[in-house]
Structure formats: C-alpha cells, structure tokens
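Dear colleague,

I am passing on the structure below, together with notes on the ligand site and on one residue in a loop. Please read the notes alongside the coordinates.

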Amino acid sequence: MRTAVYPGSFDPVTFGHLDIIKRASKLADRIVIAIAAHSGKKPLFTVPERIEILNATLEETELPAPCEVVVEGFDTLLIDFMKKHKAQMVIRGVRQYSDFEYEAQMAALNAKLSDRDIETVFLAANPEYQAIASRFIKQVAQLGGDVSPFVPPPVIAALQGRL
Ligand code: ADP
C-alpha cells in the first residue's frame, strides 16, 4: 500500500491543487491531504472549513486512477503526521523555479528529520494552472472578480458566503 501525504494550506483549494491530486492518484493507493493549521499565514478559512470545502470538491471530482483520498488537518511536524499514516511519500506541486529552492530545502530537512525512508515527489504544475495561487484567488474574489476559471464550485459558494 503506497500512501502519499499532500500537505499545504489549501486556503482555498484551487484547480491547481486538484490537478496535482488527480496526477498523484496515479502514483499512490491512498492520498492524505494534510491541511496545515500553522503555516505562518493568516487564513481566510478555518481548518474545519477547508476540510469541508475539499471534501465537497472531491465528491464531484473524478480521479484518473483508483485511489482513496482523505482530508485531515494537522498541527504537528509533517514527518510525525506521515508516520501516523504510514506514508512513504510527500507530494508537492512546483509552479515555477522560485518555488523549487524552498521546496528542495524542505524535502532535505524532512528526509533528515525522519527516522524512516521518505521521498518527496515534485510534480511540475500543469501550464494551464501554473498561475493559480490561493492568495491571488482571495484577492480577486475580495475585489469582486470572477474566480470561476480557477476554483471549483464549492469554493465559489464558500467565498460568496465569506466576503
Ligand atoms: P503552502 O501554504 O504550503 O504553499 P498551498 O496550499 O499554497 O500550500 O499549496 C500546497 C501545495 O500545492 C504546494 O506544493 C504548492 O506548490 C502546490 N500548488 C499550489 N498551487 C498550485 C498550482 N496552481 N499548480 C500546482 N501546484 C500548486
């Protein structure tokens, strides 16, 4: 059983994240989407809200490969969360080269911290979704712009309720 953890803020989930989840379903039997409670950013949605939005989104998402996907919040070290789930793999999306420097450092740090064998797998962002970042979505929505090309319907509903 290959279990992957896909950690992030997902505040809110975008088509960029969804594309990574779909592609990761071809690499793992089980994906645990891990919503970071302490990412150092001031979130728009609480962790339970982000879990609800992600679950609603996953319900209407078809995966290209058989894979169980679950969503959980976490406020521990990523390697401890991975141990709890017996996960061997971290999935991260890389949008541009500037993402990579930080990501490579995190991957090396996690590998050093872990007492188990773990691998970080980087998936290059799909060019169609490369420009999408949650923080831009929030800004566009706050200023009354149309975010429907970037996020799934449950996010639009949640943004309408919040802003
Ligand atoms: P973080 O707060 O860790 O940056 P995010 O919620 O922004 O978390 O993203 C989680 C993961 O998804 C990160 O690996 C990030 O690079 C990736 N990601 C975010 N947006 C996209 C996108 N548009 N295309 C591909 N990967 C993305």
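The ligand sits in the largest pocket, where a pocket is, on a 1 Å grid over the protein atoms alone, an open set of points where a 1.4 Å probe fits, with protein on both sides within 12 Å along at least five of seven lines, and a molecule sits in it if more than half of its atoms lie within 2 Å of its grid points. The elements that give two or more residues to the shell around the ligand are strand 1 (3-8), helix 1 (15-24) and strand 4 (89-94), with helices (H or I, at least four residues) and strands (E, at least two) taken as DSSP runs numbered from the N terminus.

This is a predicted model, in which local features need pLDDT of at least 70 and side-chain atom pairs count only at pLDDT 80 or more, while totals for chains, interfaces and linings use all residues. Residues are numbered from 1 along each chain as its sequence is written, and side-chain values use heavy atoms, with hydrogens and water left out.

As for individual atoms, a polar side-chain atom of Tyr-6 lies 2.7 Å from an oxygen atom of the ligand, whereas a polar backbone atom of Tyr-129 is 2.8 Å from a nitrogen atom of the ligand.

Away from these atoms, Asp-146 lies in the loop between helix 5 (134-142) and helix 6 (153-162). Asp-146 is exposed, with a relative accessible area of 53% (exposed means over 50%, with a 1.4 Å probe and protein chains only), and its C-alpha atom is separated by 24 Å from that of Gly-8, 138 residues apart along the chain.

Best regards

Terms used
Polar contact = N/O pair within 3.5 Å; in protein donor to acceptor, adjacent residues only side chain to side chain. 1 Å grid on protein atoms, 1.4 Å probe; cavity = no way out; pocket = protein on both sides within 12 Å on 5 of 7 lines; lining within 4 Å. Buried < 20%, exposed > 50% of the residue type's maximum accessible area, 1.4 Å probe, protein only.
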